[in-house]
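Q: Hi! I have a chain open here and would like to talk through it with you. Could you take a look with me?

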Amino acid sequence: TEIGKKLDEREYVEQLRKSLPTDKPIYLHCKAGGRCIIAAKDLKKTLGDKYDLRPLKPGYEELVDAGFEKAGP
């Protein structure tokens, strides 16, 4: 949701271009799995094809239950 709002901000987009890698996949996730798909499409449209954006369909809790490490402290 926040990504969609900020993609109109030139400074935010430039920061993404500087901080996101172009040489490896970028996995996106959200709580239920739907918003990350929309975010990946919006990011691809804004940033271009040199970023390998991969939305993860399972939601965050499903990923943790499947053995992915929990994010954060």
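Predicted model: local features only at pLDDT ≥ 70, side-chain atom pairs only at ≥ 80, totals over all residues.

Q: Is lysine 50 buried or exposed, then?
A: Lysine 50 is exposed: its relative accessible area is 55%, and the cut-off for exposed is over 50%.

Q: Let me step back a bit. What does the secondary structure come to?
A: There are four helices and two strands in the chain. Starting at the N terminus, the order is α-α-β-α-β-α.

Q: And what are the box dimensions for the C-alpha atoms?
A: Roughly 35 × 25 × 25 Å, taken along the principal axes.

Q: What share of the contacts links residues 24 or more positions apart?
A: Counting contacts with a separation of 6 or more, 63% are between residues 24 or more positions apart.

Q: How much of the chain counts as buried?
A: Of its 73 residues, 23%. As for the surface, the chain exposes about 5,600 Å², and carbon and sulfur atoms supply 51% of that area.

Q: Now the inside. How many residues are in the largest nonpolar core?
A: It has 13 residues, and the ones with the most contacts inside it are Leu28, Leu43, Leu47 and Leu53. At least two core residues come from each of α2 (10-19), β1 (26-28) and α3 (35-47). Helix α3 gives the largest share, with five residues.

Q: Why would they gather like that?
A: As a general point, nonpolar side chains in soluble globular proteins tend to be buried together.

Q: What does leucine 53 touch?
A: Setting aside residues up to four places away in sequence, leucine 53 touches Ile26, Leu28, Ala40, Leu43 and Lys44.

Q: Tell me about that lysine. Where is lysine 44?
A: Lysine 44 is in helix α3. Beyond its neighbours within four places in sequence, lysine 44 is in contact with Asp49, Tyr51 and Leu53.

Q: Why does lysine 44 count as partly exposed?
A: Because its relative accessibility is 32%, and partly exposed covers the range between the buried cut-off, under 20%, and the exposed one, over 50%.

Q: How far is lysine 44 from glutamate 69?
A: They are 26 Å apart in space, C-alpha to C-alpha, and 25 residues apart in sequence.

Q: Changing topic: how much space lies in the largest pocket?
A: About 190 Å³. Helices α1 (2-6) and α3 are the elements that give two or more residues to its lining, and α3 supplies the largest share, five residues.

Q: What kinds of residues make up that lining?
A: Six are nonpolar, three polar and three charged. Among the lining residues are Thr1, Cys30, Arg35, Cys36 and Asp42.

Q: What is arginine 35 in contact with?
A: With Thr1 and Cys30, leaving aside neighbours within four places in sequence. Those two residues also line the largest pocket, as does Arg35. Arginine 35 lies in helix α3 and is partly exposed, with a relative accessible area of 44%.

Technical notes:
Residues numbered from 1 in each chain as written. Heavy atoms only, no water. Core = buried A, V, L, I, M, F, W, Y, C linked by side-chain atoms within 4.5 Å. Buried < 20%, exposed > 50% of the residue type's maximum accessible area, 1.4 Å probe, protein only. Contact = heavy atoms within 4.5 Å. 1 Å grid on protein atoms, 1.4 Å probe; cavity = no way out; pocket = protein on both sides within 12 Å on 5 of 7 lines; lining within 4 Å. Points joined across faces, edges and corners; volume = space filled by probe spheres on them. Nonpolar A, V, L, I, M, F, W, Y, C, P; charged D, E, K, R; others polar. Areas by Shrake-Rupley, 256 points an atom, 1.4 Å probe, with all protein chains shown as cover.
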